[in-house]
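I opened this model to look up its salt bridges, sheets and cores. My entries follow the structure below.

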Amino acid sequence: MKKKIQNLIKKIEKIVNKEKVFIGFNITLLLGALILLGTSVFYMISDFQKDKYAIEYDAKIKSVEYQNESYIAEISYDVENNTYIQKITLEDDKKGVNDTIKIKYNKNNPNLLVYNDHKKELLIFIPIGLVLFILSTKALLTYYFKFYRIKKLKREGILIYAEIEEIYLNNRGKKKKGYYPYHIRLKYKNPKDDAIYIFESNDIYSEEKNVIEEKNITKLPVYLTPSNTYNYYVDVDSVIE
């Protein structure tokens, strides 16, 4: 008896841990997506605000130096008869001395260069953020509604015990360790009107199938809504634990 209780506790802990990992993983993905999308929005607003005060100008390159694996150019540009000297980092070595390069400076403070081009970051952050957001949200909503539906059926539905008709391979299901899952088909005859009802379980795998066969289980509990017998849940877990 003690051993059975210990095994039951281990199984419950295993299920709970899997759920925690699943929820934690998808919440982490969702947070990551929100950070990426939030950063993208910040960049877009920041770039827009800076652009209102930016003046584009063709500056002249006075010198180019290679420092710390980057090309540093000294540039000059004239604003209202004043010459300003700045240093900027070049993307590559295609520009040289006396070439021109487009810059932006603040119209209220020409000595201040405006850097508001985050197109590269946005092209990376927005698609990745959207994909992560959609995947994580879908997974969490699916889990929530599935859990809520089962909980509601157990609380408000009626409980019957249906006979196992067959256990068959579901070759359209999600593989686990390279093997397809199984479905259980059950039959229930209503004693009031002799109506026959057929139920299908969710995916089960070899472990559950083996337990059912070893214990010679012939019936499974089914929770259903009396007004809608298509809304049901075959409770395999409670029997095989």
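**Salt bridges**

I started with Lys 104, which forms a salt bridge with Asp 51, the closest N and O atoms being 3.1 Å apart. I count a salt bridge when a side-chain nitrogen of Lys or Arg is within 4 Å of a carboxyl oxygen of Asp or Glu. The pair links distant parts of the chain: Lys 104 sits in strand S4 (residues 100-106) and Asp 51 in helix H1 (residues 2-51), 53 residues apart. Helices (H or I, at least four residues) and strands (E, at least two) are DSSP runs, numbered from the N terminus.

A note on the source: this is a predicted model, in which local features need pLDDT of at least 70 and side-chain atom pairs count only at pLDDT 80 or more, while totals for chains, interfaces and linings use all residues. Residues are numbered from 1 along each chain as its sequence is written, and side-chain values use heavy atoms, with hydrogens and water left out.

I checked accessibility next. Buried means under 20% relative accessible area, exposed over 50%, partly exposed in between (1.4 Å probe, protein chains only). Lys 104 is partly exposed at 24%. Asp 51 is also partly exposed, at 39%.

Which residue pairs with Lys 154 in a salt bridge? I found Asp 235, with the closest N and O atoms 3.5 Å apart. Lys 154 lies in helix H2 and Asp 235 in the loop between S10 and helix H4 (237-240), so the pair ties together parts that are 81 residues apart in sequence. Lys 154 is partly exposed at 40%, whereas Asp 235 is buried at 3%.

Lys 209 and Glu 213 meet in a salt bridge at 2.8 Å, N to O. They are four residues apart in helix H3 (residues 206-214), so about one helical turn separates them. Lys 209 is buried at 16%; Glu 213 is partly exposed at 46%.

I also noted a salt-bridge network that links Glu 166, Arg 185 and Glu 200. My search of the whole structure gave eight salt bridges.

**Sheets**

Two strands pair if DSSP finds at least two bridges between them. Nine bridges join strand S2 (residues 70-79) to S3. Tyr 71 has Leu 90 in S3 as its bridge partner.

I then traced another open five-strand sheet, antiparallel, in the order S8-S7-S6-S9-S10. Strand S8 (196-200) and S10 are its edges, each with a single partner strand, so one side of each has no neighbour in the sheet. S6 and S9 pair over six bridges. Ala 162 stands opposite Leu 220 in S9. A hairpin joins S9 to S10 through two residues.

A nonpolar core is a set of buried Ala, Val, Leu, Ile, Met, Phe, Trp, Tyr and Cys residues joined through side-chain atoms within 4.5 Å. S7 gives the most, with four residues. Apart from this core lies another of 13 residues, among them Ala 59, Ala 73, Val 79 and Tyr 84.
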